[in-house]
Amino acid sequence: MSVHQREDAASNFLLYTRTMAMAKKRIHPSGLLDLEHFITNAAVMVTRTSGKRIRVASKSLRVRGAIETALVEHGYSGVLAFTLPEALWLAETGIRDIVVAYPTADREALRQLLRSEACEHVTVMVDSTEHLEILRDVARSSTIPAGARFRVCLDIDASYAPARHRTGSLAAKLKIGPARSPITTVEQAVSMVHACERAGVNLVGIMMYEGQVAGVSDGARTPRGLAVRALQALSKRDIAQWRAEVVAAVRELVDLEFVNGGGTGSIESTSAESAVTEVAAGSGFYGPELFQHYRGFRPAPALHLVFDVVRRPAPDTVTVLGGGWIASGPPGKDRLPVPVWPEGLRYAPSEGPGEVQTPLTGPAAAGLSVGDPVFFRHAKAGEPLERLNSVLVYSNGEIIDEWPTYRGEGKAFL
């Protein structure tokens, strides 16, 4: 942890305990959101965009107050939702221009969309004729307003494919990146444009997410880190050419409102492409642990998780209630929450983070008492908010608000 981060953690700790003592209540586990850090992170991300707009990725926030705060900041417009029911709910709250980032097979939600005003500003994702068949079946089997049509975005593969234009070789099958869209050639993309026309939907956008760049940290000073940087450099050149080819071919057939790409970790390279009209970002607002290891952007840690000490099994060990909130992705130490305050705590090697209790050892444990809070930073951004009903928001030395999470508003979309 840097000196700057240690000072932030200390400030968080002192502010939180003082405020909770004054309020005479304890609500751990809880989340503590530093509004200044949140807004600073938002501003810094805008400076990386080459003037392109940023669409807010809601899966990395999952707090409506945070989403609304991001959208009023300069350079931000629109939401990238993660499920259709979530998008419908956000539309009900007044948010417009929502793209659902992942395909859906939820026919009831699709019927609801087609029958509502949200149909005019919520876009659903497709990457196969199977998705289009579902949309067509829903439209045919529903009583819908005259002229109502689904708005769709075409998700196209953006993995690194060194031999993308070659066939019949082992190299042609090599792909590095997320297993997402099956659309891997310009011909397939063009075919899907025609399929959209036959299905009676409005194709309004393209999405190409290069997760091998945007979602993989590149700052490690190790042989693996060197390999990651080399592969990402190759991938950036590859995706720029590939995206330009696809977008040009599709634009010959249909007018597109947007071309979306990238994420927090690839804002510079993605927004530099002329074919791209917008980039997506979410994790950069909160600055989770995984994003402390990128070379180009290291956001200020804006969100902390707080757990109570509830027992002392040994003089150099304390146990907090909760803590085992492991992040998604390939299993590994980098998916664990990191105890950041008091400094000098580490997991008990024989247990690690637990479902109900988490033992912590180290020099700082001796100075903790039952009831004291311990601050953690989660590996990823939005996932821990599914376990909290609210986050405390503080600014300029005091807690100024309490924002409900999706869960706190009675919503569980995933």
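## Charges over rings

Arg62 lies over the face of Phe82, at 4.6 Å from the ring centre. A charge is taken to sit over a ring if NZ of Lys or CZ of Arg is within 6 Å of the ring centre and within 35 degrees of the ring normal. Arg55 likewise lies over the face of Phe258, where the distance to the ring centre is 5.2 Å.

## Basis of the report

The model is predicted: local features need pLDDT of at least 70, side-chain atom pairs count only at pLDDT 80 or more, and totals for chains, interfaces and linings use all residues. Residues are numbered from 1 along each chain as its sequence is written, and side-chain values use heavy atoms, with hydrogens and water left out.

## Aromatic pairs

A search of the whole structure finds 9 aromatic pairs. Rings of Phe, Tyr and Trp (its six-membered ring) pair if their centres lie within 6.5 Å; planes under 30 degrees apart count as stacked, over 60 as edge-to-face and the rest as tilted. One of the pairs joins Phe38 and Tyr286: the ring centres are 6.1 Å apart and the planes stand at 50 degrees, so this pair is tilted. It links distant parts of the chain, with Phe38 in helix H2 (residues 35-47) and Tyr286 in helix H11 (residues 283-286), 248 residues apart. Helices (H or I, at least four residues) and strands (E, at least two) are DSSP runs, numbered from the N terminus.

Phe38 is buried at 0% relative accessibility, and Tyr286 is buried with a relative accessible area of 2%. Here buried means under 20% relative accessible area, exposed over 50%, and partly exposed in between (1.4 Å probe, protein chains only). Phe307 and Trp325 form an edge-to-face pair, with 5.0 Å from centre to centre and 75 degrees between the planes. Phe307 lies in strand S10 (residues 303-314) and Trp325 in the loop between strand S11 (317-321) and strand S12 (338-341), so the pair ties together parts that are 18 residues apart in sequence. Phe307 is buried at 1% relative accessibility, as is Trp325 at 7%.

## An aromatic cluster

Phe38 and Tyr286 also belong to one aromatic cluster, which they form with Tyr76 and Phe285.

## Cysteines

The structure holds 0 disulfides, a disulfide being a pair of cysteine sulfur atoms within 2.5 Å. For Cys153, the closest cysteine sulfur is that of Cys196, 9.8 Å away and too far for a bond. Cys153 is buried, with a relative accessible area of 0%; Cys119 is buried as well, with a value of 6%.
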